[in-house]
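This briefing concerns the nonpolar cores and the aromatic contacts of one protein model. Please consult the sequence and structure shown here alongside the points that follow.

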Amino acid sequence: MSSQDNKTELEQRDEDEQTSAPSEDNKQGADLGNNEVKSRAVVKYSAAPPPSTYALLQEKTDLKLPPANWLRENAQLGPAGTTVLGSSRKSKPFSSFGMAYDFIDCIGDDVDVVSDSENIKKLLKIPYSKSHVSMAVHRVGGTLLLDDLDIQELFMRSSQTGDWTWLKEFYQRLIDQKWQRKKKSKEHWNEKAILSKFLYYSINSNGVPVPSDTDQTAGEGCGTGSDGSSWPATFTNSSSASEEPAIPKEEQVDTYDFGHVSSIPKEQNLPTLFNEGENSQGLKNDFVRNILWTFEDIHMLVGSNMPIFGGGRYPAVSLRLRDNNKPINVLTGIDYWLDNLMCNVPELVMCFHVNGIVQKYEMIKTEDIPDLENSRFSTRVVKDIAQNILSFLKSNCTKEGHTYWLFKASGSDIVKLYDLTTLCEEAAEEKCQNPFTLPVAVLLYKVASNMILKKSQNGKNYGTIRTLLLNCIKLLDEERHPQIIASAHYMLAELFQLDDVNEEASDGESLKGGGSEDSYSDEEEEEETDEDDGCSYRTSSKPQDDSKAVAIIKSVGELSVPEKYKSTHQIRPNYSFPVSQDKEEKCRLVLSYVLKGLKAVDSSIKKESDLPAADPTTPIPLKYEERSQTGDVEKEIALLLDRVGPCNEELTVPTRSGMIPGTWQHRVKQQLFLKASKAYYVLSDAASNLLKYGRALRYIKLALQCHDAYCSISGGLHPQVLLFHCQCLSLCGDVQLMLAQNASNRAAYLEEYNYQTKDDQEILHCLHRESSCQAFSMATDLATDLEYQLIISRKCYEAAHDLLTSGVLKDLGQEQLGQVLKRLGNIRNEMGVFYMNQAAAMQTEKEGERRSVCVAEQELWKKSFSCFEKGMQNFQAISDPVNTALLLCNIGRLMRICAQAHCVVTSERSRGEFSPEEALYYNKAIEYYQKALKSLGCRDSHSAVWDSVNWELSTTYFTLATLLQDYAPLSRKAQEQIEREVTETMMKSLRYCDLQTESARQPLYQYRAATIHHRLASMYHSCYRNQVGDESIRKQHKAQAEQHYSKAVRLFVNLSDAPCELLRTLLERVAFAEFTMAGQNSNAVKLKTLTGALETMRETRHAFKLIHKELMEQEEKVILTLEDSDKPAEVQGSDGSSSELNTEEVVKLMGVFEPSFSFLLLQMMKLSTASKRKLSVKEEEQVKAYKNVYSRLLRAEKSVPLIQRVSLYLELLDQLNPPTGSEETRSTS
């Protein structure tokens, strides 16, 4: 068959495989064999046309004469017509691998056995036959691959090549000391020729015997056919891709999705492992029919070449030719029965002949075959044999990648199983001398690759995939097969889904029996005889040494005993996938696989003999130019954007290491670089979460270096790669920002940054083979300047933003763009705050000095404002009102700093009048705070931010009003106008004091509201004292002062930490009453005013009580400290620093309290005694109390401790008029 025909057949097989799923609904299956056994056959693929009706030959037809169509190619017969002449071997040693490659989906999970139908029949006939059995057994997952192993042919080849000498010596020593090949008789070949002619007659209804020279040809073929070796040459690297001078045209069969961030287009997927020449070395599926055969509970993928014909009553029949002089024996009956079961053929047509002359035809149903005369057998026993053999093999063939040898000598009842891989290792010969090594390794690789492609099964099959790949790597020599090893290491790295947060722990499940593929043997099945069909295996007369055998069936009769061999061995004891919850450990494992893969690729590049020698001093001209050391991020991003193009665009010149673009080395290295970059990215992210920012910067530097190396060997960059690069840049910006915010730990971060593992060093060495890795070097340096770090962070975000807004990623990176814009807004806010704080620091340095605003300050203001404004635009672009409000709030704070900088300082270094510039900037600050509130909308949107902005707005109004009141611009404005503005501004501040909502700021709001009322009361008090003229205005000021004093007292009473403020307000109120009394003429009116003032003085009792409590707590702290320490100096220092009560202020207020209290008592006594009317008893007692308190107050020692003086005041106030229950309650509320 020509190569073109082969291609067409493969294409047809692919089409059949694609349509096999719907055909499963119309499966042909039946329970055959006298209802004793269950059998079901599903044709997975068939190269034969629909069965045509066979030609019924006339009686006396001479089959020795050839028909006219003899030996011509015929789709109905397939290879069956020619194989019977010996032009093709009985069974190819790699037939099961050919099937496995074609039906890779089924291997390892669905099928128990994959083999030629001839091998299946030979196994099931072991207890009935004296013939030898020699088969190679391989395990892949739960699937066993069985292949014929012709030991004699191996030994003949060994004498020529020197291979397998260890097995020859082992065989001669332990099994058969003398062996010889037995040639088949001429009678045997004559029978084969007659069978072939019979089949050709059966498809040619008009065929008549014609003289032909083919007889002579057939005769000659008979003599040489059996000697034609079809064993493939040992798999070496003689034609590997690493030694080919030109880029091989590799077929893209093994496509592999690299998933997530590192996903790439199909054009960049891993190439096929072998070129067409290697695939043809015995690894093809040449069967006419591939069948998924279920025999009882055993699932088998078998290959068959048996011709099937139409038969009228039945859709299919099989044709058999028998010599009428030779009765059908048990072996022949089992052979026919199994063939029909496997191919789901319900009837057998037997043609009898005598010396080639047709005698008669006989129709036999498949279920009747076991009951034929002279060939009766039990189908149940055959079922038991099948189950026992499968259990025996599965229990003992446990190591994937090992070649097992199932052997039974001719005439022997003992079946032995040897591990040839172990024997080969003991013989200290190279692995390549086992011809099964490479096919097994390739199959392990293909099954693992196929499982990875099944994304839905990834989680539960990770352990199995990892074991398959590790066994594949273990089998191969890196020098001979670097491509498979590099690809396997990449897939091992890909097993770890580094970005999977919810990683399943069910990765350790073992695989069940595997592949569902079908193949067919090259020949018509041979009729078994009691003697060996090709070779003579004599049993050694000496006792055999069984120590080398893995397992032994002592007697073939045991196979007929039901469940004699029960598979209890755990096939995969170590198939659990090592899933660590530690991200660093997981990434380190990934990087170790990446490094091994890179080493395999680099080792193959070193051996390229046809590459041009590179001068290490002369750089290779690359489209992707090396970046300059200046590290200008804008230039770097421009170069990167230039790389964005069609992803199938390839480089046209060798890379820096001499690697040719388009080769497997090129494609594998690209993916390994991307995987390493991803692993370092995850490591950096994890280190950042652990606050290890020095380590995080080191890892993100390595990630960007891996990406740079990837760009150096790539043509166009795929959008997914660019998206991942944006992630790296964003994380780099995050890390630089965190380093800037935690500058105090710089020494520790520097130590983390400079540490490097051996794997990191080796990976970096591999990267430098392709690139200088200087791209974005500036972005990953650990700087010492805070401003520089903030700028680098911003530039990283800007670079990511430019990439995401470029044409290629405009529609793909919308979600990531929002995150980058948020980061940009945040870093610009940080930079704005940084410049604002610098400006505030400069202002603090010149505090008290008479200096105008310098240029440096103005530049800092401009930088800060620009940063805030741009950051606000970033947040507005993603509709983030909360962060927009925060930036507006920061701009408001900047305006307040500007206002403070314009403070006028007089020549005496005292504060001057409130300037217009201050007013301008304070009003701007108010404007920005109001915009912030407008951005938020309402408090429910974000209560914390709303409260913060609300507080700042109230503070700004309060500060503005305070400055207007304390440093009134009387040179520009009238007193009345200033008072009006102060009142309006204070009331606006009061409007934003939220006294109702319970929050952490509620006490602050209460204190501010009390302070505002106190200040307004003091202002109206001052106006009342200084107002001359209009009496109505004076009355109005008096009423307003009384009102604000009352509100201030009420608010201060509710605060437990403002006793001084309460005391001061009460004393001012008493002074206001005293001033009012001084302008009154009537004693009665004066007495009323004094009584009110004295009542206000009694209210100071609550303030003194709070002061006394705090003084007592301070004394207790001092006593405790003295008991625990012998260092008085430290105690005193501790006491002074921990005191929250301003004792100096208390002493000052007490200096006001005593004379005011004495004056009130004295005036009360005078007015009470000056009255002409007689005092009542109660009034006399009251006057007496006044005198007593006044006397004690005058005699009080001024030098006693403060706490004793406060205690005295409390006692005197209690004596003056003991408080009622309601008053006590009001005082302590």
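Is F407 buried or exposed? In this predicted model, F407 is buried because its relative accessible area is 4%, and the cut-off for burial is under 20%. The points below describe the cores of the model, then its aromatic rings.

**Nonpolar cores**
- The largest nonpolar core comprises 135 residues. The residues with the most contacts inside this core are L167, W405, L443 and Y680.
- When neighbours within four places in sequence are set aside, L167 is in contact with I151, L154, F155, W405 and L420.
- Another core lies apart from the largest one and has 120 residues. Among them are Y835, L936, L1090 and L1213.

**Aromatic pairs and cluster**
- The structure holds 22 aromatic pairs.
- One of these is formed by W405 and F407, with 4.9 Å from centre to centre and 50 degrees between the planes. This pair is classed as tilted.
- A single aromatic cluster is formed by W293, F295, W337 and F377.

**Charged residues over rings**
- K360 lies over the face of F352, at 5.2 Å from the ring centre.
- R1034 lies over the face of Y1024, and here the distance from the ring centre is 4.4 Å.

Key
Residues are numbered from 1 along each chain as its sequence is written. This is a predicted model: local features need pLDDT of at least 70, side-chain atom pairs count only at pLDDT 80 or more; totals for chains, interfaces and linings use all residues. Side-chain values use heavy atoms; hydrogens and water are left out. A nonpolar core is a set of buried Ala, Val, Leu, Ile, Met, Phe, Trp, Tyr and Cys residues joined through side-chain atoms within 4.5 Å. Buried means under 20% relative accessible area, exposed over 50%, partly exposed in between (1.4 Å probe, protein chains only). Contact means heavy atoms within 4.5 Å. Rings of Phe, Tyr and Trp (its six-membered ring) pair if their centres lie within 6.5 Å; planes under 30 degrees apart count as stacked, over 60 as edge-to-face and the rest as tilted. A charge sits over a ring if NZ of Lys or CZ of Arg is within 6 Å of the ring centre and within 35 degrees of the ring normal.
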